[in-house]
Structure formats: structure tokens, C-alpha cells
Amino acid sequence: IGGGDWTKDRIIKDCVESFINNKNLVIRSPNATRPWQHVLEPLCGYLKLAQKLYYDNRKKYSGSWNFGPMDNQLKSVSELIQEIEKNDFKLNIIFEKNEFKESKFLSLDISKSLKNLIWKPKWDFEKTILRTINWYKEFYKGKEVNKLIKSDINNYLS
């Protein structure tokens, strides 16, 4: 997740748009658990991996890698919505039966990244949601996208 994702059926974008336009938010799977993470987390993980592949033992660092949240940060859609509403977003929610075949629980095993890259996520669930919601709030107030992106990157790296 992160600011600027305008793809159809993206829950945070849909939450913000329903709030701003005072429309109902349709939720399909409130109990589904997902590995919510800010887009900067895996990006930094992959950059660290690329650096290791370039400067260190290529054989040791080749293969597949996962970059995701810690297990204790996995949250349901309902928990995501509750966290969003803590940030002054009151949502009008409608629950619809899910017509899609979706997994109820998704997670990523990041143990390899933790152990071999000494990489771990910097932002917890709450900070991730706060940064993402603030991105959209500032966007709808007219702040330039490039400034919002730079702000998130600078905040993440500091």
C-alpha cells in the first residue's frame, strides 16, 4: 500500500474516495487477513538485495526473496478499516457477499530476508496506515504528487 495507487479495488484508495465523496464503502471480505505493507518496504529490501548481489557472493544471494511485514503485523480488512477510521475518516460501510474466490489468509515468510540480508520492515502497521492516509489527504488538498512521494521517501529513510 502507499499513496498514489489509483488501481481499481484498492482498499485504502477506496476508503479515501468514499470518505471524500461521502459515498458508501463496499467491503467483500472483512475477515480476510493480508500482509499490509508500505510500498517502500519491499522496494528497500530489493535494493539491499541488489547491492548484495552486485558486491557480495552472488550464489548466496540468488534465488527468491520475500519482503513483508512481521507476523505480528498481519491484520484483517476490518482491522485496517478501524485503523483508517482512527485517522478522522468516518466510513459508511456496506458488506457484500464476496463473489470472488479469495484466500482468507495471506502472509509472506520473510525469515530468509531477516536472517541473510539483515533486513526488516521499518514501519509498523499503524505508521504505514498513517503515512498512506496522510498522503491521500494531502493529495486531495492539492499538494503535488512529486512532493508527496519525496516526503514519504525522506520520512522512510530518516
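The model is predicted, so I took local features only at pLDDT of at least 70 and side-chain atom pairs only at pLDDT 80 or more, while totals for chains, interfaces and linings use all residues. Residues are numbered from 1 along each chain as its sequence is written, and side-chain values use heavy atoms, with hydrogens and water left out.

I then noted that E102 meets R28 in a salt bridge at 3.0 Å, N to O, the term standing for a side-chain nitrogen of Lys or Arg within 4 Å of a carboxyl oxygen of Asp or Glu. Because R28 lies in the loop between β1 (24-27) and β2 (33-34) and E102 in the loop between β4 (92-95) and α5 (111-117), the pair ties together parts that are 74 residues apart in sequence; helices (H or I, at least four residues) and strands (E, at least two) are DSSP runs, numbered from the N terminus. R28 is partly exposed at 31% relative accessibility.

Salt bridges with shared partners join K13, D14 and E17 into one network. I found K13 and E17 paired at 3.5 Å, N to O, and about one helical turn separates them, because they sit four residues apart in helix α1 (residues 11-20). K13 is buried at 8% relative accessibility, whereas E17 is partly exposed at 25%.

Lastly, I recorded R10 and D5, whose closest N and O atoms are 2.8 Å apart in a salt bridge. My search of the whole structure gave 10 salt bridges.

Terms used:
Buried means under 20% relative accessible area, exposed over 50%, partly exposed in between (1.4 Å probe, protein chains only).
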